[in-house]
Structures are given as structure tokens and as C-alpha cells.
Amino acid sequence: MPLVSPPAAASPAAAATGAARAFGERRRLQLLVAAAVFGLLALLPLVVHNAYLRNVIVLTLLYAALAQAWNILGGYCGQISLGHALYFGVGAYATSQLFVGFGVLPWFGVLAGGGLAALLALGIGYGCFRLKGHYFSIATIVIAEMGLLLVHNWNWLGGASGIQWPFGGDSWATLQFARDKTPYIHVALGLLALTWLICWRIEDSRWGYWWRAVKDNPEAAESLGVTVLGSKLAAAAISAFLTALAGGFYAAFVSYVDPDSVLHFRFSLLIVLPAVLGGIGTLWGPMLGAAILIPLTEFSRSYLGGSGSGLDLMLYGGLVMAVALLKPEGLIRLRLPLRLPGRRAPRPTRTEAP
Amino acid sequence: MNHDLILQARGVTRRFGGLVANDAIDADIRRGEILGLIGPNGAGKSTFFNLLAGALPPSAGSIRFEGRDIGALPATRRCALGIARTYQVPRSFESMTVVENVMIGAFVRHPRPAAARRAALETLEFTGLSRQADTPTRQLTPPEKRRLEVARALATRPALLLLDEVLTGLTPGEARLGVELIRRVRDAGVTVVMVEHVMEVLMPLVDRALVLHLGRVLAEGAPREVVRDPGVIAAYLGDRHRAA
């Protein structure tokens, strides 16, 4: 194959390595910042003793991980799934059924649930990725609703009444901590750190760049050798796997699953909103969004009346509208004095010279 | 098999419903040449271009690239084999920087990001976009975006580069820079096919011209001969060129 190599002079190579080195340094800095952030979060139980607040912390970390997992498919790859409750539910149900029905420890149950969700995502993706934009989103809603109905009527999975985890002693093996819920903070944090690390790793991999190309312009990506369907499927599988891990962990945390508590459309929205609020397609956006949104919802639910009033949902809607109007790229893109090291920070162009 | 031909199209036909956009087109592309693909509006240039690039499958006929039938291959596979294209309206990856855009092309030959980045930066140097490497693509001027299209395609290390109206709509100064770049691309060993409306810019640049009219090949040959062809003059060039 006579593939030519465009001639490269000596000087640009030097400049090239300089730019590449700067890029590598930015990447390492992000890793250091993440280590510091996760390290500090791990110390939270030392400061916060209130059981209610600890509960809020667990949920916030969990939704941060979920939003980051959704971000892989919705943010980086641009395929807006509004059916991630399905993968969340698959993880929760697989873990519960394997533990309660077969005595399989949740640690293995979540992996099985993750694998099942990934396979499911590949199948769904193969069918639905031919649909573009809103049509894809609508299809994901419909499929997730089908899952909800199916489980509602599936007696083997407990039907509408769900699966109750047995009461047992506190144990890391069974992930059951009835008295002191502190370990859940660390498990949720571990899940978030894992998800973040996977995103960080993928951002500077061929998949990561391909996903962004697919999101920006699939036709052009195809003409440049990107396997568009393969890219979407990979993103969907990884995203579903991590979402199901979080679902399995959630089941262990609440010791109970039923269709409406893990498969409801509400969860699909709750997974997406932190990412949208914080900034989709970014490393820190989903975490930032969850850190704002989840405590806000929990507090508003406690202090403004029960979830039946819907005030928390109005708050959600208001926040999302405000972000859509004022900062559609997400809060992470606000120009703060202590800006996080993002590599997409706009830099001044030097092209204006005559 | 003639090894001086990088691509052979035989009887290439493309129908859209009842419309025959390309009707049994035979065309040869010689290795190392710059071939101009011209014709009035509706001649079938864009269709033929898309058939070569793999954006559309032909309804009938064969397209052989390096002796291999590629008619059924999608654009992704053709890119890997060494055919790259640009778009008339630049289709940049707007959320990315310039160098990241070019890396997408470079990944075809370099799966590792560090190697792809190095290759992309070399390509940016070659195409004169080095200074914009870290600029967000959406901040580029239109001529810079055209240049980025070429850079991205070149980063796939093509043997055959298909350029879709890269010189249209540029000022004379910008067009001159574009012509210079295309010559350098050819001198680096890449065969170039360009669709263009601007005859004044195209004719001095190309080695041969292929004139399409109503979906068929009307004329083929050196630019000087083609513009004297009575059929071409009647179909396309008009009275303005008859005096010459």
C-alpha cells in the first residue's frame, strides 16, 4: 500500500512534543485533583455524624456515579438515553435475586447485573442506534417502560411487591449495615471513583475521541475511519455496566427492591439531570451537578413537605430551566476564579493578526 | 491490470428513484495526478464524488481502487484502504480543538492517542495550521475550516484524496494559498480528485479534467483541450470562453 508520509520539518516536531507534554501534564493534574477530592470525601464520616445527613451523602455519591456513568453514553458519545432506569433496575434486581434466591454475595451479584445490563445495552443499541436524536431518546423511554411492566408482572421476581432482603448481621460480605451506614459512604465513593477513573482513562483513548466525533458529526466521523455503530455500542455497554453496578449497590443499601423503586421513569430523569446541570461530556460536571441537585432535593423533600407535594420536582425543573437559559453547557463551564483544570478551556486565538 | 491507474470506474450508475444521477460513468484516475471533476449544476458531480468516497453505494457498475472492487465497502473501510474526502460545507467536530479534529483522522494509522497526536501535529504543520492547534474549532475562520477539512483527511494518510469544492468562496489570496497546498499534497505523492465550480482557479491546477453533463461523461482530457471541446462549451462554459 503506497501510503505517503507528509514531510515534516524538524522544528514542528519539537513544538509538537511540547504541546503533547503540556497535555500530559494537564491530565496528571486532573488525576491529582481527583485523588484529593476523593480523599477528602472519604473523610466525611469523621465530620458528619448525623444519620440523616449520612444518608444524603450516600445518595449524592450514588447519583454522582450514576450521572457519570450516563455521561459516557449521553455526554461523550451524544446518545441521549432516557431509559437508564432499565439498567439501574437490572443491576438492582439481579443483585437482589441472586442474593435472596441463590445466596450469591452482592459483590458477585452486582458484577452479574452489570454484565447482564451491558449485554442488554448491546442488544437495544443494535436496534435503536439507527434512530437519531429525539427518536433514539423516545425509543429508550419506551423500552425502559416495557422493562417496568415486565417486572411488574413477573412473579419469579416478586411481581409488584418486589424482593425484600433478609435481615442479617452487619457484614462487608453481604453489604448489609443496618446500624451504622458509614460503610455505604465508602462503597458509594469507591463506585464514583471507579466511574470517574474509567472516564478519565477513556477521555484520552481512541474510544474517547471517537465518541466525541460521533457526537459532533457522525457522517464526517465515518469518512475518517470511525466505526460509528461500534463506538455507540461500546459506550452503551460501558455506561450500562456501571449503571447496573450502582443499581446493585442501591439494592443492598435499601435492602429492598420493587419495580417502582428502581425501574420507574423518575430514575431515568434523576440519572440524567445532574449531568445536564453540571455539564455533559465533562469529567467533573456530573459530580458537580449531583452535589447541588441531590442534597437540594433531599432537603426540600424533608423541609418543604413529602415527595407527594411535588415541590422538589418543581425545584428540579426550575433549576434545569435556569441552566438551559443561562449556561446550556452546564455549571462546570462557569468561569470561576478557581477553575478546575479542564482541557477544553478556551484559549485566546492568535489568528487575528493581519 | 494497469498499475498507473489508482482507481477505475466502469459503468457506474446511481439512481434516486426515477432520476438517473450517474449513468454508466467510465473514469480512470491516474496515480499521482490532480484530476478536476467539473460540470454544470445537476451534472452528477456530487453523486459521483459520493460514490467514490463511499457515502453512497452505486446502483450498478464497479469501482476498483488499487485493483480491488470497493463498490460495496462503506466509507469507514475505504478510509482505511486509503481514500479520504473533504466536505464542501466543512463538517468540523465543533466541540474539539483543531488538533483533536485531526487526531480523529490520524487514528486510522495510529491507534494510540500519543502517536495520533504527534501525527496530527505534523499534519497541521504541513497544512499551515500549527498555530491554531489548540484553538477550539468553532473559533476558526471559514478558510481555516476548509484547511482543517484537508488536514483531517490528510491525517488518514490517503493514497487518494477527494476534495469537494475546497476553493469555492475563497478570496483570490486565500484561493492562491489553497492551490499551493493542493500542489504540495500532490508532490507528497497523493493523488487528488477535486470537484470545483471555479474554472479559472481549477484549470491551471489540474493535470486532467473530467467533464460530466446530465449524469454522463461529456469530455475527458487535458484542461486546454477540454475547454476547446465544442460539446463542453455548449453545455457548460458558454459564450464567454468561445472567443478563447
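Start by selecting residues 172-187 of chain B: this is helix α6, which lies across β3, β7 and β8 of chain B and runs at about 150° to β8(B). As you look around, keep in mind that this is a predicted model.

**The sheet under the helix**

Six of them form an open sheet, and its order is β6-β7-β8-β3-β9-β10, with mixed pairing. Next, colour residues 83-85 (β6) and 216-221 (β10) of chain B. These two strands stand at the edges and have a single partner strand each, so one side of each is left without a neighbour in the sheet.

Then select residues 45-53 of chain B. This is helix α1(B), which also packs on the sheet. The strands of chain B that α1(B) touches are β3 (34-38), β6, β7 (160-164), β8 (191-195) and β9, and its direction makes about 150° with that of β7(B).

**Two crossing helices**

Move on to residues 98-106 and 113-127 of chain B, helices α3 and α4. Their axes come within 8 Å and cross at roughly 110°, which means that α3(B) is roughly perpendicular to α4(B). Which residues make the contact? On α3(B), show B:Val98, B:Val99, B:Val102, B:Met103 and B:Ala106; on α4(B), show B:Ala116, B:Arg117, B:Ala119, B:Ala120, B:Leu121, B:Thr123 and B:Leu124. Coloured by class, this contact has ten nonpolar residues, one polar and one charged. The crossing itself is right-handed.

**Across to chain A**

Zoom out until both chains are in view. Where they touch, chain A gives 35 residues and chain B gives 47. On the chain A side, select α1 (10-42), α8 (206-216) and α9 (218-223), each of which supplies at least two residues that touch chain B. That side of chain A has 20 nonpolar, seven polar and eight charged residues.

Finish with chain A as a whole. How many helices and strands does chain A have? There are 14 helices and two strands. Of its 354 residues, 42% count as buried.

Conventions. Residues numbered from 1 in each chain as written. Chains lettered and ligands numbered in written order. Predicted model: local features only at pLDDT ≥ 70, side-chain atom pairs only at ≥ 80, totals over all residues. Axes fitted to C-alpha atoms, helices over the stretch in contact; angles between N-to-C directions. Helix = DSSP H or I, 4+ residues; strand = E, 2+ residues; numbered from the N terminus. Parallel < 35°, antiparallel > 145°, perpendicular 65-115°, else oblique. Left-handed = near helix turned anticlockwise from the far one by under 90°. Contact = placed C-beta atoms within 7 Å. Nonpolar A, V, L, I, M, F, W, Y, C, P; charged D, E, K, R; others polar. Buried ≥ 20, exposed ≤ 12 C-beta atoms within 10 Å, placed from the backbone. Pairing = 2+ DSSP bridges.
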